[in-house]
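Hi there,

Here is the structure I promised to pass on. Have a look at it first, and then read on for what turned up.

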Amino acid sequence: MPATEKELAETIRRISGVDTRKCMKCGKCSGTCPAFGEMDIHPHKFVSMVEKGEIDELMQSKSLWTCLSCFACVERCPRNVEPARLIEAVRLAVIRRQGENYLKADQIPELLDEKLPQQAITSAFRKYSK
Amino acid sequence: MYQIEKARLGELFARIAASGELILPVENNGTSQYGTWTPEVEVRLDRLNTVRSAKDCFFPQTENLMGFQMKGKEISIIDQRKPCEPFTVFGVRACDAASFGILDRVFLSEPVDTYYQSRRLAGTIVTLACGEPEETCFCSVFGIDAVKPGGDVSCWLTEDTLFWKSLTEKGDALTEKVKDLLTDGDEAALKAYQEKISAIHEKLPLKNLSLEGFNGDATEALFDRPEWAELSEACIGCGTCTFVCPTCQCYDIRDFDTGHGIQRFRCWDSCMYSDFTKMAGGNPRLTQKERFRQRFMHKLVYYPANNDGIYSCVGCGRCVAKCPISMNIVKVIKTLGVKNHE
Amino acid sequence: MSSLHKIGVFVCWCGSNIAATVDVAAVAEAMRAEPNVVYATDYQYMCSEGGQSRIREAIKEYGLTGVVICSCSPRMHEATFRKAAQSAGLNPYMVEIANIREHCSWIHKDRMDATAKAIVLARTALAKLNLNQPLTAGESNVVKRALVIGGGIAGIQSALDIAEAGYEVDIVEKTPTIGGRMAQLDKTFPTLDCAACILTPKMVDAAQNEKITLYTYSEMESVSGFVGNFTAKIRKKARHVNEDLCTGCGLCQEKCPSRKAKNEFNMGLNTRTAIYIPFAQAIPNVPVIDTEQCIHFKTGKCGLCQMNCSAKAIDFEQQDEIIERQYGAIVVATGFRPISLERFDEFGYSQNPDVVTSLEFERIMNAAGPTKGQLVRPSDGKHPHCIVFVQCVGSRDTSGCGKPYCSKICCMYTAKHAMLVREKYPDVEVHVFYIDVRTPGKNFDEFYRRAVEQYDVDYIKGMVGKVSSHGDKLQVQGSDLIADKQIIIDADMVVLAAAIEPDPEVRKIATMLTASIDTNNFLTEAHPKLRPVESPTAGVFLSGVCQGPKDIPETVAQASAAAAKVIGLLAKDKLKRNPCVAHSDEMLCNGCSACEKVCPYGAISYMDKEFRVPGPKRTEIRRIAVVNEAVCQGCGACTVTCPSGAMDLKGFSTKQIMAEVDAICR
Amino acid sequence: MQRVIEIIKEKAGKLLADGTVDRVIGWKDGEFFYDPTPAVFSAGELENLRYDSFCGANVSKYLIAETKKEGKILALLKPCDTYSFNELVKEHRVDRDKVYVLGIECRGKADINKIRDLGIKGIESIEELPGDELLVHTIYGDKTCKLNDVLLEKCLCCKSKTHVASDDLALTGEPMPEAPKDRFAMVAKLEMMTPDERFEFWRGELSRCIRCNACRNVCPACSCLKCVFDNDASGVASKANADTFEENMFHIIRAFHVAGRCTDCGECSRVCPQHIPLHLLNRKFIKDINEFYGEYQAGADTTSRGPLTDYTPDDVEPSIVMKRGGDQ
Amino acid sequence: MSIEETKKEYKPLIVAFCCNWCSYAGADLAGTSRLSYPADVKIIRVPCSCRVNPLFILRAFQRGADGVIIAGCHPGDCHYTSGNYYARRRMTLLFSMLDYLGIERARTRVEWISAAEGVKFSTTMNEFAKTIHELGENKKLEDLRCKELLK
């Protein structure tokens, strides 16, 4: 049974462990974000949309896949809101809805480029393997 | 007179327990105590000299007398007396059995103590002659024959046989219940056993203790004796002697505030305690010497004075064995008596 | 004894505060049925005159021997009800409060549960009251002298006001001069008058007032005693300059060859000599030798200052001095400092000298500052063309890097700085990143709007995410939430409005004074609304930022309020003591000294007393404890240490507390 | 070699004769060989003084009353008794100036109950043989046993062979036997049990209590003029075990009141007519105190602060209890 | 246990001793801030945590309390300088002893709660009440006489 947007928002908050109400809307996440330019919905807005329960739009968002999972926003947020975890959670919701993983763990080694920085591998794994 | 194989005692106990609680000496963390028989307990007929005496069965250490229930400003009285269920005490030594007579004189004379009386009526006493007395024993001094222990039923336990002899109606009733387990007793064998243990009792170090000089009229002669000071010198004022004694019968009545009402209960008291018989003006016996003296004067002088010369001691030896500082009735008798000076 | 009591029970509705959740009539009815209760009623506001007169009338009409009031916390109105009872002839300590508001109606939602609990709490109070004894408060003298800890504007103002009323005041200041943070400021908002111009006259007043004694370069060593009778030990640290001889000519400073010490007054933006006067208007105008920097102290050589001092004021042998004094009241005015920004790497504060804090910027803009008031970059001395201000750096931060509270003054001083820059240097572009602009104060919002409307300051709703060096520029990356854009500004300077925190010394002071402190190290007030300038510890008052962030006018207002409280206290000749003190039953006391060992006040002493005893020797001498009721503060440590139960606490006796336990568990 | 009793009598006799002391506190014969009684002797009564393997009683508490009397008393104190003595001096219960302490040698004291537990009944007399052996004459014949096998619990875990307070010593110079047992072994064993097992253990032991107060009255640390449990005004007075809880209450509070003051002299367990191992309560507190606040031996001196009248700002938090011991 | 009894919802009884200067004020702040905690918690005001006698704790258990919590000023912040330090030692040893006697450790607790920590007061009480609720009735330390007359 497909969940309502409200239920979905609740699920997002639960799996991310993020309390969106703690956000004081300072915008430091967006001020920090290195992928800001690639995003259609920016980190601060992401938080506010989860808070408002506008999940469907977020699930369509390009930002899900342009977020680098660098966690700069998590690091810098003065209120411990952790926007990147929210983005990750929405991403997960999309993947779950699709019912399959983009990538399986055992497929990774053959795809690895030796020059790929470790951080990128971790980010990618974090992003795609859920 | 009947008998039963020692190996079948379990059956006997089970039969007795079927018609009411059976209380007998049982093992308790290395000590021997009167306790309720169940198939699981370890019966200690080899240690009849229990720490606490069989007095507990009729005059427990604490006992609820009545309750006062409070609801707001209303108080109602609750009668907590319950009919006592029949029970049997087994394995009572001659000295302990004799103690009941001493307690009866206190509790059953007018006004009758109904709490004690109901237990006394419900209880059947099965004694067991003591075959292995301790050096602290001196029951013979009070005319008690350890070989004929009395009670409602008297028993003797040899290496392989228990002899059973009913002495009273209560004893007959109990015998009736267990009769099919018993066979007719071998009088000769019993007699041989009695003689054997008589000989052991003859060897006891305290058997020659003389009570001369102690009687109901001895108050003046003994009260101001200077020896009391030395006798009581080391006394720490605990209640050990009193609480292990089978004949001490003093109690205090206390109220316990439960928060919903008052529980009035009685509990053993000890004349060794500084607040014993405390009244508005304080305790009439201000020093430990006076309290110490009270205990032994009561046992050896005051009680006999009011009870046809009967002493309020049965020579069970508990206080002798248990006093933390080894000061006891034997020493008192030896120090103040007429004939005990070697 | 308890059966002789006639007790009245009064259940307060507190409007709907209690009555909405607790069935007050049911509480009164339940209490009416309790033994000893002869009267029980409920009323809308027990603390109102109407409520109090009900208590008084009932005491008289029913001959009440005790009163239970079911109401708000005893911390709120216990004194009120005690007074009411006293005016009707009842001993004030025959009043017990059942806290059915804070501890019941306000926290429970279910009416049944709350009512049931209120009844239990009322019964508990009744159970205690049944065992209460009438108590009479003793009296103690008041030392007519006040101590002010901290010589900033808060301390100065408090001291001046107290001295004005005719009482002696001592100021203890840990730095070499009074003046505090305000002396470092350039202009003050919202009037833009010069801080020095309004502060220095007050400093001079304080120095010249004969009722005020200044202990600068001094620290608190210890405080003991109690309200009206504190004993403080003050460590007057060795300046190595004799204050009486020094003329303040400054020659020593000129001659001193050690010139590498960071100048604290200028926030380390420049250096100072080892012997120094912090700033020109310092009071006292006497230098101090920084022994860590002084060549003489390091090597035993040099001594140029001593050689050049015509007044012979330099004294290398000078030692710390401990001054012990009695005080009737103590004002804490320990002030604040900006927090350390080491955990905010994203702003590049530690890497880039052109990223400064607002207090550093204050010094840069100050005519007496390291740049003589010239706005130049600390790195290269060049004139900046673009300045970015960042607000809320470390304030409102629950991540653990900063402080969870709003530092309150940053919005206004940032507006001030922006405005001053734009006024003096119209060529400089000024951007301010803000989360919120908070301007609740007289003429505050007007001031901020002037910055925007008149001075063209660019206020950006958003936060800076990163500051990085690009050549000689600072690249500021931040968000503009209104435009939903990420913006990058190439700035010459970045000014960070760092959060402020109480001076760390306050912890030590609070422990000495047994004054309570909150999780942010701000001193706790006795009541957040009704007693904002008093500490819960009697005789200790709070002034300035040690209690919470505030600006200058608020600080001065609180300083004067604290002074008024001190004056009120010192005006009394005697103080009523707390009668809830320990006392020892001499018939039970073993004289073992355990209570003496745990008493924090040294209130217990011993005496030998002859007692009648049973036995042939009719008396014996026993050692027994005696409590000095003037010194005992009633903590009860002794009562639990005493194995025999000889030591008990009036008002909180063992039997009373056990009766409470019994009543709760009934 | 001189026997200890001879050295004691010689020294005591001299001190009485030269007027240094007026009285001597020690032990005299009881009814049987194994039950000597604490007693005070004046000059001329010393022949009744005895000292042997059965003089386990700690006489230091009697000094509270004795030092209230005129004159000076000679106290015969075994090494462990001197700890109790120091604690009494520290708590101002005994006037040190009125006591002359003669520290006496101790090779461990016998527990008559342990002899009985060996199945030895009807004891008429006991002889001390060389090599710490006991020859027991009974009405059922002669038996022998080793002193080491029948030592009092306190002697099995002897805490010291050295006197911490003394004006003179009475020693034979013979080598001393070692204490064979770790005094905290049983406490540690209990700690490792589950709470329910511990509860069963203690309920089993404490339910035998008859509230005779022997443990309290013999305890040198329980020196209150009036015990809270005897004081009707205290609100907690209780004369008997009216409920299972009450014996717990009495024993917990008693142990708590002596915590940090108890020298582990073992008198409580020695005198208990019901053989309740009360020392295991005291030793629990001692073990905890040692672990939480550093090794502390009550009575080692007369000036140090006891652990419960002292603190450090970095003391362990009560929540440490949640992290220790056996399974929950 | 009869069906009737099992159906009745178990309401634990929790006694909280709060020092006047910190924790009682903290409880007041919890009230002022409307931070709820179960009504099972009943507070007794004491001047200082050092006023709490082990007797009070045992008494509470004797009378049927299921949990006892002592709350005082943070170490170092005692209004009387050192009271809570003594309380800390006493309670550590007492709790350890109760544990040794087989009493559930979680029935007793000490928390340091300042006047400013209304939130901590409420969370602590919620947590403690939950723990006690899970432990159920205090059977090991109660005095049966206190219930007898209710029958």
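Asp264(D) counts as buried, with 21 C-beta neighbours inside 10 Å; buried means 20 or more other C-beta atoms within 10 Å of a residue's own, exposed means 12 or fewer, and partly exposed is in between, with C-beta atoms placed from the backbone. A word on the source: this is a predicted model, in which local features need pLDDT of at least 70 and side-chain atom pairs count only at pLDDT 80 or more, while totals for chains, interfaces and linings use all residues. Residues are numbered from 1 along each chain as its sequence is written, and chains are lettered from A and ligands numbered from 1 in the order in which they are written.

Back to Asp264(D): its phi is near 65°, a positive value in a residue other than glycine. Asp264(D) sits in the loop that runs between helix H9 (244-258) and helix H10 (267-271) of chain D. Helices (H or I, at least four residues) and strands (E, at least two) are DSSP runs, numbered from the N terminus.

Thr277(B) also has a positive phi, near 45°, and is likewise a residue other than glycine. You will find Thr277(B) in the loop between strand E12 (261-268) and helix H9 (288-306) of chain B. Thr277(B) is partly exposed, because 15 other C-beta atoms lie within 10 Å.

Chain C has cis peptide bonds to look at. One joins Phe189(C) and Pro190(C), with omega about -10°, and Pro190(C) belongs to the loop between strand E8 (187-188) and strand E9 (193-194) of chain C. Another cis peptide bond links Ile283(C) to Pro284(C), with omega about 0°; here the loop lies between strand E15 (275-276) and strand E16 (288-289) of chain C. For background, most residues other than glycine have a negative phi, and most peptide bonds are trans.

**Chain B**

Chain B is divided into domain 1 (2-202) and domain 2 (219-336), with bounds that come from an automatic or database domain assignment. The C-alpha centres of the two domains of chain B lie 25 Å apart. Their contact takes 32 residues from domain 1 of chain B and 28 residues from domain 2 of chain B, where contact means that C-beta atoms, placed from the backbone, lie within 7 Å. On the domain 1 side, strand E4 (62-71) and H2 of chain B each supply at least two residues, and E4(B) gives the most, with nine residues.

Since 10 of the 14 residues of H2(B) are buried, the helix is largely enclosed by the rest of the structure. Among those buried residues are Phe100(B), Leu103(B) and Phe107(B). The buried residues of H2(B) pack against strand E6 (87-92), helix H3 (114-122) and strand E7 (123-128) of chain B. H2(B) lies across E6 and E7 of chain B and runs at about 145° to E7(B); axes are lines fitted to C-alpha atoms, for helices over the stretch in contact, and angles run from 0 to 180 degrees between N-to-C directions.

E6(B) and E7(B) belong to an open sheet of eight strands with mixed pairing, in the order E3-E2-E6-E7-E8-E9-E1-E10 (chain B). At its edges are strand E3 (31-36) and strand E10 (183-184) of chain B, each pairing on one side only. Strands count as paired if DSSP finds at least two bridges between them. Strand E1 (residues 2-5) of chain B runs antiparallel to E10(B) and is joined to it by two bridges, with Tyr2(B) opposite Asp184(B).

**Chain C**

Chain C comes to 19 helices and 34 strands, and 53% of its 666 residues count as buried. Its C-alpha trace spans about 95 × 65 × 40 Å along the principal axes.

Where chain C meets chain E, 42 residues of chain C are in contact with 45 residues of chain E. H19(C) provides the largest share of the chain C side, eight residues.

Happy browsing!

Notes
Two residues are in contact if their C-beta atoms, placed from the backbone, lie within 7 Å.
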